[in-house]
Amino acid sequence: MKTRYNIIFFIAAIFLFVACNKHDMMNDVVIVGQMAPQVYWEPASSTVKAGEDIPFTVQYYTTSKENIERLEIWYNILEDESKSVSSPWVTTFTYSVISNKSSEKRVSQKIATYDHNPNYWNDSLRAYTFKSTFPTSNTLASVTWSKPATFDNDKMVKYFGNAFMTQFKDSLFKLMKAKDFQKMYLGLNLLDNFKMYIDSVKNDNTGSWDYVFPKDAQGNRPVPKTLVDIYATIPFSDIIFNKTTNVYDVDYSRSYRINANMKAYDKQGVAGLGIVKEISLN
Amino acid sequence: MKILPYLLTLVTAFLVFSCIDNEPDIEELPNPNIAFKYSVIDPTYQIDYYVGATIEFVSTSVAVGECTWDFGDGTIATGSTVTHKYKTAGTYTVKLTVANAGYQTKPIFISDIKPIVSLNKTGLIEVISSSVGFNVELPNPEGLSEEYHWIFPDGTKDAAGTIISDFNGKDPGNLTFSNIGSQTVTLQVKLGGRQLEDGVIKVPVAYNQAVPTLYYAVKGGNIMALKLVSNAPAGMKINPFDMGTKSGQHPLNILFSDTSLYVIDCGRQFTYVDDQDGNLGDGRIFVMSKDGAKVETMLTNIGAAFNDPYYGYIDGGQLYFSDRNTGISTIGLKERNRTFSRADFPYFVQNATLGYYGQGLSYGAMNACFGKINNVWYWCKTYNGNGIFRFLDTDILKTPITGNGVLPLSGIALESMTPKSLVWDAKNKVIYFTLYDTGYEGLYRCTLEQLNAIKARADLTPYRLKLANGKTITPITETGKGEGSAGEFITICQLALDENDGSVYFGLRSGDAAVKSGLMRYNPTSGFIEYVIEGIDVYGVAVNKTKSKLF
């Protein structure tokens, strides 16, 4: 009887394992699939000059019956872009427009293929191994335009967009106080006498005198029309010109990174992947 | 009353169904069963994705149906495999829609044609004497007209020895350079009348004598190198070399040893963070070859932010690196691609394994620079136990304590002050250190005996170093203006000694409007602090004392 129960239990257990196609218990505890080649690879450097080939070393082997056929390098392209513009004329606040962003610009692509060669076998490593290189594009060289001594309107439009200069100027105007206008207009030699446009009022908190624009009939203190008209004539480049350092306070940089990986394919087309390596281009 | 439950049910039903917006729009998401790949089919510039290149798009979708491609530039095509040429450079979103199945999108980046400039010779290019020309590669598949305009840096001379600032034409011939450092040559090209992106090459111009090299990490920029030339001919400018390697997020210390520069970058988050899950760490140590040609990762931290590497010191084939506020660990100089874990990198020393703990040194005492002088460790602390805590290897306890330990005989220097960085000049037997105590900020120089005698801030005065105009230097310690807050301020985060002439280099983030930020040095010959490069924000500094013409 005992043996019969054991047989029944055993058969029932097998049924349990194979009967349910919704909850596959075997699949829940192991990864079912074909054995893929194992790959370990290392680029020689994590930073390279765009356009240069990247040297690497790879080790690979397989435990399946299928021989390895080829290896491939794949990488995507990510862009890091940084922009910064500021106006050095304002003193009552700091006005800078800064933006940093990273984005994938191109999806992972096959870049190079390397045929497997049985002569790559290394007894001490118990793996195939070889050294080679893969290419990068010159087009991915980093671009920097930082605090130039001469202003380039075309570059400004190219890197910051058509509307940026107008928006920057308009936004700055809304934030500027009398003291900022004074510093800018006198600094740019737009006026000889600024005092005729301002009043001074006692600041009860600090005890000092603050410069403000005169009140209008409604009791507001608008920017005098003459100053508004002058502001409209100031070129954007003057707005960001730093008279102390004689450069324009604009910075633009763009650089690229690749996430590279090595794939080893056996003759059935089953691929094993290495670890993704991030490489910066300059 | 029996009607009440029916009424309530009715009202509830009205409430539930009365809203006109009870069925919000369902956003159509990309379908994972739809996929595609793309590649340039022109063999010459396969990895460049130039404007005008023929790109093949292939659907690899599991879903079956008619394929419609939107290339993101206003053009559309149908078919499972299609080709397309983009007319303008930029980034486009390509959308593949499979009928009755859904869609998938991917970005594609189309590069503009730009001139590729390279040098026509290899080997050292020495200032004044070496001449060099340029190779230009310009993809021009449509045979458009080409206009070339070169812009040269100051001190460039043509083959006849005449100063040249620009040149129109494809080949400017061989040139020489009168200044040292990265000499930026720019090539502007119009192709068919259209201005292309500039082609830029930085020519590394070496000095004509062997001198030491200073490396420094620029905030938001690259690692730079500067030849430490003390006898340059009049008119020769000593410009820095751009090593082409990003400085990282907060490279508070960089260290030179043998032929490599070790960059200790504590990552994005160097101030206090409530890292409850212990996964905000992103600091790393990377190794750059002295010429910048090779960069390798030594150690990466992906765990707790406080375990990021902050400060370092090299001794006996080991790199000692501190975390934010607990201790110091070590890693062999030849180690590469290691991932930090406390099990693999146990503390060499920590606050609680010194007898100072509970007697001057408190929990979480903030780390700053450290080093070894005459076999004694000098460990700067700027918060929760301030001063330079000195100890011998034999003072390090095997297990952490909670207090009442035996105080190391070496003692605490600058107790209760904020020493951020230090360097020892063994030849002249003087220590340099920086403080940011209000009213006593700046750089100091004294002997070890004088250091021991400093018991109060007033004792510091004779050792405070000044600019030639009599001003002292004051790093930013105003929260919101500099980086960090109390105990964390970047200030002068590293000092580097040039053993050849005793100069001490550092980056100053100036908090004094009358003194600009920049790369500075103390010149022992003049006895003053002076500018090396004005107007830059610098983190770590290091000197390769081995003399060379280039690197």
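Predicted model: local features only at pLDDT ≥ 70, side-chain atom pairs only at ≥ 80, totals over all residues.

Visitor: Why is A:Tyr114 called partly exposed?

Guide: A:Tyr114 has 16 other C-beta atoms within 10 Å; a residue is buried at 20 or more and exposed at 12 or fewer, so the count for A:Tyr114 falls in between and the residue is partly exposed. The residue is found in strand β5 of chain A, which covers residues 96-115.

Visitor: Which residues is A:Tyr114 in contact with, leaving aside its neighbours within four places in sequence?

Guide: They are A:Arg70, A:Leu71 and A:Ser132. For A:Ser132, which is 18 residues apart from A:Tyr114 along the chain, the C-alpha atoms of the two are separated by 8.8 Å, whereas the word contact rests on C-beta atoms that lie within 7 Å.

Visitor: What makes B:Asp258 count as exposed?

Guide: B:Asp258 has 10 C-beta neighbours inside 10 Å, and since exposed stands for 12 or fewer, the residue counts as exposed. B:Asp258 is found in the loop between β21 (253-257) and β22 (260-265) of chain B, and its phi is positive, about 60°, although it is not a glycine.

Visitor: Is B:Lys429 buried or exposed?

Guide: B:Lys429 has 12 C-beta neighbours inside 10 Å; the limit for exposed is 12 or fewer, so a count of 12 still qualifies and B:Lys429 counts as exposed.

Visitor: How do you know that β18 and β41 of chain B are paired?

Guide: Pairing asks for at least two bridges, and 6 bridges join β18 (residues 211-218) to β41 in chain B, the two strands running antiparallel. Within this pair, B:Thr213 has B:Asn544 of β41 as its bridge partner.

Visitor: Why is the sheet that holds these strands called open, and which strands stand at its edges?

Guide: The 4 strands of this chain B sheet follow the order β20-β19-β18-β41 with antiparallel pairing. The edges are β20 (241-246) and β41 (538-548), each of which has a single partner strand, so one side of each is left without a neighbour in the sheet. From one strand to the next, the twist averages 20°.

Visitor: What makes β24 of chain B a partner of both β23 and β28?

Guide: With at least two bridges required, β23 (residues 284-289) and β24 (residues 295-300) qualify through 5 antiparallel bridges, and β28 (residues 338-339) qualifies through 2 bridges to β24, this time in parallel. B:Met288 has B:Val295 as its bridge partner in β24, while B:Leu299 stands opposite B:Arg338 in β28. β23 and β24 form a hairpin with 5 residues between them, and B:Gly292 in the turn has a positive phi of about 80°.

Visitor: How many residues of chain B are in contact with chain A, and which elements give two or more of them?

Guide: There are 21 residues of chain B in contact with 21 residues of chain A. On the chain B side, the elements giving two or more residues are β7 (102-110), β20 and β24, and β7 gives the most, with 4 residues. By class, this side has 7 nonpolar, 8 polar and 6 charged residues.

Technical notes
Residues numbered from 1 in each chain as written. Chains lettered and ligands numbered in written order. Axes fitted to C-alpha atoms, helices over the stretch in contact; angles between N-to-C directions. Nonpolar A, V, L, I, M, F, W, Y, C, P; charged D, E, K, R; others polar.
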